[in-house]
Amino acid sequence: MFLAPGDKVTLTVKDTSGGNLLAQGLVKGASINAQEDQLQEQLKEVRRQIDSARKEYMQLMQSPNGKTDTAGMMARGKRMDVLFEKQEVMTNTFIDAHPDYYISLTNFKENLGSPVRDVAAAEKRFAKFTPALRQSSLGLSIQDLLKASAKLGINQPAPDFASTTPDGKTLKLSDLKGKYVLLDFWASWCGPCRAENPNVVKAFQQYKDKNFTVLGVSLDREGQHNKWTEAIEKDGLAWHHVSDLKWWKADAATLYMIRSIPQNFLIDPNGKIVAIDLRGEALQKELAKLLQ
């Protein structure tokens, strides 16, 4: 729910059994919330489809027989990717039509991701918002995000870091300089990461003898060392691994502005970033272009 100074708000809740009163209720009198209602009405059907696909995905991940239906999860994952792309297009159309809406600015930032992939394009779109929105606290935070993201863009030097391997040794990203390195952020508890792992394994097996390797950075929590190493063994991840077991506060994750996983950076032998967030066939195509 969005509130602005001077709003007098009424929340009417018909069903209190759902837990989330805002989701079950009707908000009136909040000026910015009225903008949100406009957007949500346009997205209602695609959101329903996303929720359905996500529910099927979670059911497959939590299979009662203890076996994970990886193929089924990948299929549902691809379906969700298509739906999320459709939702993003619809949201961007709404944003472009309402550059004076605060809700447009909030959704613009949400869709930017972290780090922002195409800083130049984002800056061009950001410039279309009204001066008041650009200079708001949210607008200033977006400007900071764009500046920080520019340091993690294509052809930028990949920030170096050191972390701990499963056997307690220290490994630096720079120790792998001279090879193409897929810096892969994941975790044993991350269903989408585990579903993506077969694609990374396939790429590694195909190109490991062509000056290519992978450095997996796990966002597992403190006390989950065994879950981390068990996932490595179960998924057949025969490459370099590190983790400081700090969950989302992992030093490398903070350095690379990681807010969701799986996420990866492809780094060339000179230590420069050449691609970001390569998943599925996109990873195979990029490696084929660089290493064939």
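Is D277 buried or exposed in this structure? D277 is buried, at a relative accessible area of 17%, where buried denotes under 20% relative accessible area, exposed over 50%, and partly exposed the range in between, with a 1.4 Å probe and protein chains only. The structure is a predicted model, in which local features need pLDDT of at least 70 and side-chain atom pairs count only at pLDDT 80 or more, whereas totals for chains, interfaces and linings use all residues. Residues are numbered from 1 along each chain as its sequence is written, and side-chain values use heavy atoms, with hydrogens and water left out.

The protein chain contains 11 helices and nine strands, helices being DSSP runs of H or I of at least four residues and strands runs of E of at least two, numbered from the N terminus. Along the principal axes, its C-alpha atoms fill a box of roughly 65 × 50 × 35 Å, and 42% of the 292 residues count as buried. When contacts (heavy atoms within 4.5 Å) are taken between residues at least 6 apart in sequence, 67% of them join residues at least 24 apart.

The domain assignment, whose bounds come from an automatic or database source, gives domain 1 (11–150) and domain 2 (156–291). The centres of domain 1 and domain 2, taken over C-alpha atoms, are separated by 27 Å, and 12 residues of domain 1 are in contact with 13 residues of domain 2. In the largest nonpolar core, which has 63 residues, those that touch the most other members are F161, L183, F185, F212, L215 and Y256; such a core is a set of buried Ala, Val, Leu, Ile, Met, Phe, Trp, Tyr and Cys residues joined through side-chain atoms within 4.5 Å. This core lies between domain 1 (11–150) and domain 2 (156–291), because both give residues to it. Apart from this core lies another, of 14 residues, including I50, A53, I103 and A195. With residues up to four places away in sequence not counted, L215 touches F161, L171, L173, L176, V181, L182, L183, D184, H240, H241 and V242.

Two packed helices are described by the angle between their axes and the distance between the axes. For helix α3 (residues 70–97) and helix α4 (residues 102–112), the axes come within 9 Å and cross at roughly 145°; the axes are lines fitted to C-alpha atoms, for helices over the stretch in contact, and angles run from 0 to 180 degrees between N-to-C directions. The crossing of α3 past α4 is left-handed, a term that applies if the near helix is turned anticlockwise from the far one by less than a right angle, clockwise being right-handed. On the α3 side the contact is formed by E88, T91, N92, F94 and I95, which meet I103, S104, N107, F108 and N111 of α4. The residues of this contact divide into four nonpolar, five polar and one charged, with Ala, Val, Leu, Ile, Met, Phe, Trp, Tyr, Cys and Pro counted as nonpolar, Asp, Glu, Lys and Arg as charged, and the others, Gly among them, as polar. Within α3, T91 counts as buried at 4% relative accessibility, and, leaving aside neighbours within four places in sequence, T91 is in contact with L39, L43, N107 and N111.

Several features of the backbone fall in loops. A cis peptide bond with omega of about 0° joins S114 and P115, and P115 is placed in the loop between α4 and α5 (119–126). A cis peptide bond also joins I261 and P262, with omega of about 5°, and P262 lies in the loop between α10 (251–255) and β8 (263–267). N155, a residue other than glycine, has a positive phi near 75° and is located in the loop between α7 (137–150) and β3 (162–164). D277, although not a glycine, has a positive phi of about 55° and is found in the loop between β9 (273–276) and α11 (281–291).

S149, in helix α7, is buried with a relative accessible area of 0%. Not counting residues up to four places away in sequence, S149 touches P115, V116, V119 and M257. S149 and P262 are 113 residues apart in sequence and, from C-alpha to C-alpha, 18 Å apart in space. V13, placed in strand β1 (residues 10–13), is partly exposed, with a relative accessible area of 28%.
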